[in-house]
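Student: Could you take me through the salt bridges of this model with care, looking closely at which parts of the chain they join and at how open their partners are to the surroundings?

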Amino acid sequence: MTGQSFVQVDAFSDTPFSGNSAAVLLLPQARDARWMQLVAREMNLAETAFLVRCNGAFDLRWFTPTTEVDLCGHATLAAAHALWEADELDADAAAHFDTRSGRLSAVRDGDWIQLDLPALPAEPCEPPAGLAELLGAPVRATGRNALGYLVAELADADRVRSLVPDVAAIATLPGTGLVVTARSDDAQFDFISRFFAPSLGVPEDPVTGSAHCSLGPWWAERLGRTTLAGHQASARGGEVRIRVNGTRVVLGGQAVTVMRGELLTT
């Protein structure tokens, strides 16, 4: 029996079992959302990416185990990596994706992949009641982006690293996710962050491209420069290079394939 092949890619890392995992399926034709959601639930990764070739580009959709999302950076990085690795694209060709967030693209830059994504500035907002108590630290500033992520800046990078999340409490916050960030105390990076989205079926995301679409503008404004390096301080961890370019951000990351398989029930 011939099924649907898939690959599992660790994105925003060059080391297996780190960064953020995504499953990538290149489909021969579009499938309905219910089937894709069931596959994503079966994969049980932060995101599963579904690709269909269309007019020189690829239609791309992203699903968590519980819902479809409007933007996912790490699964886009994984999808581009998978296409080049499988010779579905020439090594020097750009990958173009049509998505719920418009046209996205990826190009190879040596061992790195550069993603062109929309900038999502977090507009200043009042912190939800009890946020400082939830995080166990004073909150310097808060903002909310177009995806509904709440960005909370802390004064101390170690507070970000040592945070033990109350996932149930985070799920009650307004919006779709919580980004916690601080200026880095490691000279390799400009800032560190963590991201929690239990309402999307992702208690803590290891490395989050869509969050960096907001963290780029956030830290560019505070540090006075548009080229930055971020570290997402999850247990798996990952590095994201950022260049803020007006209404767009370019996110740089690496990727490594860790698994290939076949979905027998199609």
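Tutor: Helices here are DSSP runs of H or I with at least four residues, numbered from the N terminus. In this predicted model, helix H4 covers residues 157–162, and because arginine 161 and aspartate 158 stand three residues apart in that helix, about one helical turn separates them. Their side chains meet in a salt bridge, with a distance of 3.8 Å from N to O. Arginine 161 counts as partly exposed at 36% relative accessibility, and aspartate 158 is likewise partly exposed, with a relative accessible area of 41%. Elsewhere, salt bridges that share partners join Arg61, Glu68, Asp70 and Arg100 into one network.

The structure holds 15 salt bridges, and another of them pairs arginine 53 with glutamate 88, whose closest N and O atoms are 2.8 Å apart. Arginine 53 belongs to strand S3 (residues 47–54), while glutamate 88 sits in the loop between helix H2 (73–85) and strand S6 (95–99), so this pair ties together parts that are 35 residues apart in sequence. Arginine 53 is partly exposed at 45% relative accessibility, and glutamate 88 is partly exposed at 33%.

A further salt bridge brings together the side chains of glutamate 153 and arginine 140, at 4.0 Å from N to O. This pair links distant parts of the chain, since glutamate 153 lies in strand S11 (residues 149–154) and arginine 140 in strand S10 (residues 139–144), 13 residues apart. Glutamate 153 has a relative accessible area of 6% and is therefore buried, as buried means under 20%, whereas arginine 140, with a relative accessible area of 60%, is exposed.

Key:
Residues are numbered from 1 along each chain as its sequence is written. This is a predicted model: local features need pLDDT of at least 70, side-chain atom pairs count only at pLDDT 80 or more; totals for chains, interfaces and linings use all residues. Side-chain values use heavy atoms; hydrogens and water are left out. Helices (H or I, at least four residues) and strands (E, at least two) are DSSP runs, numbered from the N terminus. Buried means under 20% relative accessible area, exposed over 50%, partly exposed in between (1.4 Å probe, protein chains only).
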